[in-house]
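Subject: Structure handover

Hello,

I am passing this structure on to you. Please open it first, then read my notes below.

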Amino acid sequence: MADLSLRSVKKVYDNTVVAVQEFSLEIADKEFIVLVGPSGCGKSTTLRMVAGLEDITEGELYIGGRKVNTVPPKDRDIAMVFQNYALYPHMTVYDNIAYGLKLRKFPKRVIDEKVREAAEILDITELLKRKPKALSGGQRQRVAIGRAIVREPQVFLMDEPLSNLDAKLRNQMRSEIIKLRQKVNTTFIYVTHDQTEAMTLGDRIVIMRDGFVQQVGTPQEVFHHPANLFVAGFIGTPQMNVFDGRLVREGSRYFVELDGTVRIELSAEKEERLRKCGVETQPVKLGLRPEHLTLTDSGNAVCAAVDVSEMMGSAVHIHVSACGKDVVIVVPLSEEEDGDAIPLGTPVRFTFRGSAAHVFDVETGRNLEYPIAQAPEPAPEPPPTELPAPVPVLEQVPEPVPAPVPAPEPIPEPVIPQSVFDPLPEIPPEKLGDPFAEDGEEG
Ligand code: ADP
């Protein structure tokens, strides 16, 4: 259990690649924070700086009130679960979970207690005698998490722990992690590129792009009040529709105009925010989420033609051409409706409510409802680099331990470098191959 404070943290690799900058965040004790963003935006680097696996170039990091910039990983009281977890194939689940504690010379009785408690939390008690080979991908991932739980860390770090699982297992493990979080009383920082994982797991989400934090907020905040066009497009599925529209101020009232035919007054809440920011009439990027568009017969609506309709079970996603764009409209279905396909070219009209319209600055993409200081400008393009794409996970992996094939008994003592805080190193498949992968299960 610990709070964390990251203050203007910056990471520059090899004096050239700026991976993270101006990263400031206060994380409360027991909070679940998710770092999310596209590949290369600096999520893992941030997590690895917290773990102590990467030096912090500038800025300060506090864990539980203690400045830890130069504290080695093993002394930070942190546990980390990676995407490329690996279990010892020749050990049972019990021994895999117990191994780190044995290395630390915990008494047998304490080890047994901790292993059984972790197994209980993860619902793998009946698997304790099995070898990893006899487990599904999801069960193996639970064992990897169990290994981290028994250490009872102050902070639990997870770097894309589910991305090696297939979609069904991923969904299942996502809910397992929600349950785990309720049972394990600790602070979590979780890295993912998947916005659904971020939305479902995080108390707060940190959305990153090109090394810069774009917005920090609860799932509701980032969904309903995206700070800029990038966040608006990244969070929410299907993606937000963005139109070239116009914001019109008439005294204290604001309207958005679209397609020369539609004029909708914004909600009172939005009008107040815009008034506070002194926003005047201007062209805008108008963002409308697919689920906030409604089909209508009214005249105050955008004319469109259906391109394709996708039956999703509980809703139909109708793709239409309107205002020279592909637009998606989500139409929820009741249990009586079949959602029959709508023929190509069918004319439809759609409208929206003033509370659903998001107005963004045409030049910067900033949400006009935010005062300028609060909404980060889009990150500048990162400088071009000739460096080969790094394989960060390799750096924390010591010499291959264990061998990918069952080792002969007795088990040789693995080499555990002091600089690595987790005595069970992660072994990337590219280095060892995953000795347990079964067809269709992983990778
Ligand atoms: P993410 O986790 O969001 O995919 P990373 O934190 O891994 O992003 O990487 C952020 C940026 O830093 C990327 O441009 C990446 O190429 C670069 N990078 C990561 N690790 C290294 C490294 N060891 N050396 C040089 N550049 C690196």
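Phe 255 sits in strand S12, which spans residues 253-258. Bear in mind that this is a predicted model. Phe 255 has a relative accessible area of 9%. The cut-off for buried is under 20%, so Phe 255 counts as buried. Ser 267 is 12 residues from Phe 255 along the chain, and their C-alpha atoms are 9.2 Å apart.

Next, the ligand. Which residues come nearest to it? They are Gly 40, Gly 42, Lys 43, Ser 44 and Thr 45, out of 14 residues around the ligand. By class, this shell has 6 nonpolar, 5 polar and 3 charged residues. Helix H1 (43-51) and strand S2 (17-27) each supply at least two shell residues. H1 gives the largest share, with 3 residues.

- Thr 45: an N or O atom of its side chain is 2.4 Å from an oxygen atom of the ligand.
- Ser 44: a polar backbone atom lies 2.8 Å from an oxygen atom of the ligand.
- Tyr 13: a polar side-chain atom is 3.4 Å from a nitrogen atom of the ligand.

On its own, the ligand has 560 Å² of accessible area, and the protein covers 80% of that.

Thr 46 is also in helix H1. Is Thr 46 buried or exposed? It is buried, because its relative accessible area is 2%. Beyond four places in sequence, Thr 46 touches Leu 6, Val 20, Phe 23, Leu 35 and Met 208.

Now the cores. In soluble globular proteins, nonpolar side chains tend to be buried together. Here the largest nonpolar core has 49 residues. Ile 145, Ile 149, Met 158, Leu 180 and Ile 207 have the most contacts inside it. Helix H3 (residues 108-122) contributes the largest share of this core, 6 residues. What does Ile 149 contact, leaving aside neighbours within four places in sequence? Its contacts are Ala 118, Ile 121, Leu 122, Phe 156, Leu 180 and Val 184. A second core is separate and has 32 residues. Among them are Leu 6, Leu 25, Ile 33 and Val 213. Leu 6 is also one of the residues that Thr 46 touches.

Best wishes

Key. Residues numbered from 1 in each chain as written. Predicted model: local features only at pLDDT ≥ 70, side-chain atom pairs only at ≥ 80, totals over all residues. Heavy atoms only, no water. Core = buried A, V, L, I, M, F, W, Y, C linked by side-chain atoms within 4.5 Å. Buried < 20%, exposed > 50% of the residue type's maximum accessible area, 1.4 Å probe, protein only. Helix = DSSP H or I, 4+ residues; strand = E, 2+ residues; numbered from the N terminus. Contact = heavy atoms within 4.5 Å. Near = heavy atom within 4 Å. Polar contact = N/O pair within 3.5 Å; in protein donor to acceptor, adjacent residues only side chain to side chain. Areas by Shrake-Rupley, 256 points an atom, 1.4 Å probe, with all protein chains shown as cover. Nonpolar A, V, L, I, M, F, W, Y, C, P; charged D, E, K, R; others polar.
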